[in-house]
Amino acid sequence: MTQLDRQGTSDPVAVPFTPGMRDNPEELALIPDEIAREHVVPPSDDPTPTEQFTEQWRNASYNCFSSGHKFCREVCPVTQVTRNESWTPTAFHANVVAMDKGELTIEDVAADYVNCTQCGACELRCPNSLFTGDFYRFRTRTVDVVKAVRAFAVDSGVHQPQWRTWNARTDERTHEPVLGDTPVSQDHVRDWSEGLDIPIGGETVLFVDCEAAFYRTSVPRAVAQVLQLAGYEFGLMGEQWCCGGPAAEMGYVDQAKRFAQHNLDNWRSTGTRRVLVLDPHDYISFTEDYPKYFGDDYDIEVVLVVELFAQLIREGRLTPSVPIERSITYHDPCRLNKRKGIWKEPREILRAIPGLDFKDVDRVTQWSYCSGGGGGLPVEKPDLTAAISANRIQKASALEVDTLVSACPWSERPLGEAGRSESIDVVDIHELLAESLGIVVGGSRGGADGADPSRVETANDEPVGKRGE
Amino acid sequence: MTLVAERLDELVTALRTVLRDEQILTSKPDRYNRARVPAPFPVHRWSERLPDLAVLPTSTEEVAGVVRIANELRVPVVPSDGGTGLTDGAVPLHGGIVLDVKRMNQIKELDLENRTVTVGTGINMLKLNEELARHGLFYPDDPASYPCSLVGGRIGTSGWSLIGARYGHTRDLVLSFDHVLPTGEVMHVGDGIGRKISKSSSGYQLKHLFMGHQGTLGVATEATLKLYPKPEAELSPFWAFDNYDDAYRCVGALARAGVATFAGAVLFDEWKVAYLRRDDEAYIPQPADVRALVCAVLYGYEDEVRVGGKRLFRIAKEHGARYLGDEISEGDWAARHDRYATPLHGRTKAGQVVPMSWHCEDAAVNYTNLPAVSKAWHEIVADLRRRTDVFDDWGMFAYTSADTGVDYLTEIDVGIWEQQLDDRAWEMWVKAKRDIAAVAIAHQGSISACHGSCREGEVDLVPEELGRGYGVMLDLKRTLDPNNIMNPGKYLLDQAYDGSQR
């Protein structure tokens, strides 16, 4: 018996067809519909803020809700350590659908959205992105949804206590309070460069994120000295403020825009055309947030230092020659590997350093790795960050290496702390390269060797900036 | 949600004697996110499916404690693991406690000599296999949901594996497990009492009873699994045909060939090929005369796979197959978990792209009945499509279940535009499900090979399918769960309690 009898049917629905094909029978479009409405949700003349919000995100979230595969779950760093369905990428979309249906409110869901490092693993692992995304020009946008819900919460007056304090202090000091009680300020933002004789302003400036400028000062010192060795001209910003990215990630968008505006104005005032970035988080801010804020007016070239160094090595302008006897593995920073697809250049640099025993883990496996240091998580939930870092260090430990190399200053504090109990040293790739170029880096790696990772007391006496503990 | 505030307080207070506060979740989003599974869902009736709270136990003792309290207080318990099932097993119908065992995901013991691993049932198979790979081993339970479904759910639904023709299905791969009964007592169940015994003749064979019950008879908490050497070679040829009949005859011949490394074969019908043409990364550009596909899979050592593969290629050629080449074959098999179905492929008849959820209606059908069943199923879905664009036909697969080709997991994939669902559309769907199940029974099949059959529509026919056996189910349910605590409302089992619905 055959499955299909084509004889004697003139019904176009009775035979297989691919909707949308040019040669399909016209009748297919003319069949009256008993159910489907023209608008899934009828347009409203006077939409509530929630309606305005869900109108914008309805279909983006629906494409996850209706798929429901949950393939994202086991690659999500937060889910891996909490195993709580409410804190999974799919839940972040389902909540939007529930808000759209009037089942949940922003007050109900805001606190759940803390539990995301905005690493982007879920988007990559999503079958919608993986296989059909190109064809439909679609990409699952969980990170954007999380940022949008956090911003909607702040706009609605729903705050997370530590984030509010953190951003208020950042606003006050123009830098993030990464040293806890020890104040950070404009007066000290260039302290890390002491003795390096770097000019102010110029066509190219090096932007140093808050964590590196005040806490892990060995990173910018390494970067600056490598640039000097290669004869690459650069200066420092006239008045550098925080990039604004963390505020944007936590939902404080107006503040983020003010900070961005300041930095852009400052670059313009010193004739700067090009910004060198050593921190992946800044790289996201400057290549994704700033263009959104400023549109066509934004004409600054953004250069990632790790890519620049790989290029300088390729061109023979840098030749690491001092052997470094370490057994290492490399931690792909989420914002480079998962968000920006940058994974090759760091490996090029590491392979150019003599003496290293490099046990690499491929970039796709590393989709499920994270330090837990991003997206404001360590500010609001330091215990979760620590658990995620411990998880990452265990993977390194299984390779029997003595060193984990990262390319992200924000990952190095939590990873360093988790590494201590496993006797794994956490080193920045720029520091390692500098050392192999014979540079005595100086500065502080934070934590045990000098900087004061102390705490700041907030209104409710909860420690902030606990990453140093 | 069913409990009034005072009873909820009483329940939470009692649960705090066995769990930490952080393991008891009562917020609205916590409950909303445990009310649905990937199957189509009446979004407009979301609030009817809410639990009163969710708990996240971390040990068998904690699970037992929760169930004991629920039994004392007469509160429903709905076990949930990955929550990726397609028959709503983990969806609460009468509120109560969603008991989520996802945190019980540790590897407890790896026995390299006896080739077993003992795990908490909250572990995912892909994650488990990442660990086992270091020892050259693997656990071959391979559902479409392999990257996200968890061992406990596989036990509770008695899962079906894509490569089951070679390695068996969940029931064959799980040797034994700890199981919390509806009264809170803990039982070890397997072949005999041994943890690592694959065949025993001692006593009743209880293991099967405590698999596939959809959480109505308790909760599996720790399982001992059978392990195999990680296959050295994998061969997954895809062949094209210009008509369904040749493809159908070919898949039958491949499955009947008795090749030892044969792990399964899949038949894609003409609707499925038309569906795949919605995405140029799948089979297009394939010529228009490609109307059906067959894929076979062999796992084993390279030398044995090579020889077995030659035989299958010869059989395929005799049936008019055209080999699609190594790239498509390897790529599409590797992508089997991801390419299943995507909401992006949802389209109205006129071709507008709309977000649709994927639903797969499955049945177990003998080889000789595949054409008749698939013809009847497509007619049922065509009836839906004639009435509305809320439903879309995404084609059919037939997968071998066994190594002899006796029966097939037969599935029709239906796209459903949930944003448009209302009571009328939902009724149409429920009726269609009932009709689909009736076709399977009329062709001497079973309503489900894989998912279970406890959703609205299909479940109405379960007593008819099982006959006297359904009466035994009622008797067992009443005996083991005297207070109808475990997942009430599923499989019409409330009937076991003298019609006194909770």
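## Domains of chain A

In this predicted model, the domain assignment, whose bounds come from an automatic or database source, divides chain A into domain 1 (49-155) and domain 2 (162-468). The C-alpha centres of domain 1 and domain 2 of chain A are 27 Å apart, and 21 residues of domain 1 of chain A are in contact (C-beta atoms, placed from the backbone, within 7 Å) with 22 residues of domain 2 of chain A. On the side of domain 1 of chain A that touches domain 2 of chain A, α7(A) gives the most, with five residues.

## Interface between chains B and A

Between the chains, 69 residues of chain B are in contact with 54 residues of chain A. The side of chain B that touches chain A receives its greatest share from α12(B), with eight residues; helices here are DSSP runs of H or I with at least four residues, strands are E runs of at least two, and both are numbered from the N terminus.

## A sheet in chain B

Chain B holds an open, mixed sheet of four strands in the order β1-β2-β4-β3, where two strands pair if DSSP finds at least two bridges between them. Because β1 (24-25) and β3 (77-80) of chain B are at the edges with a single partner strand each, one side of each is left without a neighbour in the sheet. β3(B) pairs with β4 (residues 97-100) of chain B in the parallel sense over four bridges, and Ser80(B) stands opposite Asp100(B) in β4(B).

## Basis of the model

Residues are numbered from 1 along each chain as its sequence is written, while chains are lettered from A and ligands numbered from 1 in the order in which they are written. Local features need pLDDT of at least 70 and side-chain atom pairs count only at pLDDT 80 or more, whereas totals for chains, interfaces and linings use all residues.

Methods
Contact = placed C-beta atoms within 7 Å.
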